[in-house]
Amino acid sequence: MSRPVPNPGILDIAPYTPGKSPVPVPGQKVFKLSANETPFGPSPRAREAFAASAAHLEDYPEGSARVLRDAIGRAYGLDPDRIVCGAGSDEILNLLAHAYLQPGDEAISTTHGFLVYPIATLANGAKNVVAPETDFTADVDAILARVTPRTRLVWLANPNNPTGTYLPFDEVKRLRAGLPAHVVLVLDAAYSDFVSRNDYEIGIELVATTENTVMTHTFSKIHGLAALRIGWMFGPANIVDAINRIRGPFNVSTPAMVAAAAAIADADHVRMSREHNEKWRDWMTDELTRLGLTVTPSVGNFILIHFPTTGGKTSADADAFLTQRGLVLRALNNYGLPHALRMTIGTEEANVLVRDALRDFMARP
Ligand SMILES: *Cc1c(COP(=O)(O)O)cnc(C)c1O
């Protein structure tokens, strides 16, 4: 060997391509609707807590993120000892893979699952096993059919990004019941705050009553703190113990933990965001359907818009057309969805502009 070679699996990873960051056109207002960020920003209380933390940047953070675990515990009625915080839920997902996967193991995700899962799987030398979906929705039978003696972990975003679909809690429980006890089931609840379906549950009961299920969550979406990189997991004592042994001793910064603790306590801000999202998600879905486009019904803060595959009306044509108007959506080629764009629900102004642009796009010769 003439130069260092990374571990098995690493060079099989297709590098993650984030949503485009808008390219400014002079004099044009730009709307970034490509990364599922909130149009409102965080709670003002979170900004204040963040700003106040600037007075003590010389001090290491409190290593267990105690203030934040207590705040999350209060908001969800959870034992803070069963919570681990991380630098975004991305860190938590990678720590879970690191703790439970090794070369030769298999982890299952679904066709249009979140792309961080295969990265975390391959980075630990394990095999990424893909279970097909039905109607852009995770299929419990398809996942169970792919379990082998080597399966160690199952990734499930509920709701899923980028499809916006979800599994009712009965289905999640059926998945858990069908998996061997030694398989970790990761329920990624990044978008749970946007769901208002009475057959949906975030998974707390399942985590609390099993030793093999974890729920992960983030402050990047409804709480508007994506820039701070802050997420968390709720898990059984055995998994929490394993993750605490391998995480960095100061993996969460003080500004992030105090801002997140303030954000989760601001129930009014969360409620306002949820109501805005629900209203405009339904409006966008109706309006775009009326234009002849197909929109996958979403329970998240984004919608998946399917375009024709020919005739100057493709998703690539639409992407270019929208970008010219300063409307930046997310192309999904690397998610196996080359004919769709994902749009994050924005402000009223942004939503109406997208509707108007797509009306012009569909009407042009
Ligand atoms: C946005 C998102 C996350 C959040 O990731 P962070 O690292 O916490 O910003 C997690 N899972 C899914 C499915 C997401 O879309």
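## Contacts with the ligand

A polar contact is a pair of N or O atoms within 3.5 Å. Keep that cut-off in mind as we look at this predicted model. A backbone N or O atom of Asp 90 lies 3.0 Å from an oxygen atom of the ligand, so this pair counts as a polar contact. For Ser 89, a backbone N or O atom is 2.6 Å from a ligand oxygen atom. Arg 229 takes part through its side chain instead: one of its polar side-chain atoms is 2.6 Å from an oxygen atom of the ligand. On its own the ligand has 380 Å² of accessible area, and the protein covers 94% of it.

Which residues surround the ligand? Besides Ser 89, Asp 90 and Arg 229, the group includes Gly 88, Phe 114, Asn 161, Asp 188 and Lys 221.

## The largest pocket

Now let us turn to empty space. Rolling a probe the size of a water molecule over the atoms shows where such space is left. The largest pocket holds about 480 Å³ of space. Its lining is made of 28 residues, and those nearest the centre are Tyr 16, Ala 35, Asp 90, Phe 114 and Lys 221. Sorted by class, the lining has 12 nonpolar, 8 polar and 8 charged residues.

Where does this lining come from? Domain 1 (20–41 + 268–363) and domain 2 (44–265) each give at least three residues to it. Helix 3 (88–100) and helix 4 (116–123) each supply at least two.

## Cavities inside

Searching the whole structure turns up 3 cavities of 30 Å³ or more. In the largest cavity there is about 60 Å³ of space. Among the residues that line this cavity are Glu 37, Phe 40, Phe 194, His 276 and Ile 345. By class, the largest cavity is lined by 5 nonpolar, 5 polar and 1 charged residues.

Most residues other than glycine have a negative phi, and most peptide bonds are trans. Here are some places to check against that rule. The peptide bond from Asn 158 to Pro 159 is cis, with omega near 0 degrees. Another cis bond runs from Asn 161 to Pro 162, where omega is near 15 degrees. Pro 159 sits in the loop between strand 5 (151–157) and helix 6 (169–178), and Pro 162 is found in the loop between strand 5 and helix 6 as well. Asn 161 also belongs to the residues around the ligand.

Asp 135 is a residue other than glycine with a positive phi, near 50 degrees. Look for Asp 135 in the loop between strand 4 (127–131) and helix 5 (140–145).

How values were computed: Residues are numbered from 1 along each chain as its sequence is written. This is a predicted model: local features need pLDDT of at least 70, side-chain atom pairs count only at pLDDT 80 or more; totals for chains, interfaces and linings use all residues. Side-chain values use heavy atoms; hydrogens and water are left out. On a 1 Å grid over the protein atoms alone, a cavity is a set of points where a 1.4 Å probe fits but cannot get out, and a pocket is an open set with protein on both sides within 12 Å along at least five of seven lines; lining residues have an atom within 4 Å of a point. Grid points are joined across faces, edges and corners, and a volume is the space filled by probe spheres set on the points. Helices (H or I, at least four residues) and strands (E, at least two) are DSSP runs, numbered from the N terminus. Ala, Val, Leu, Ile, Met, Phe, Trp, Tyr, Cys and Pro count as nonpolar, Asp, Glu, Lys and Arg as charged, and the others, Gly among them, as polar. Domain bounds come from an automatic or database domain assignment. A residue is near a molecule or strand if one of its heavy atoms lies within 4 Å of it. A polar contact is a pair of N or O atoms within 3.5 Å; within protein, one must be able to donate a hydrogen and the other to accept it, and residues adjacent in sequence count only if both atoms are side-chain atoms. Accessible areas come from the Shrake-Rupley method with a 1.4 Å probe; for residues, only the protein chains shown count as cover.
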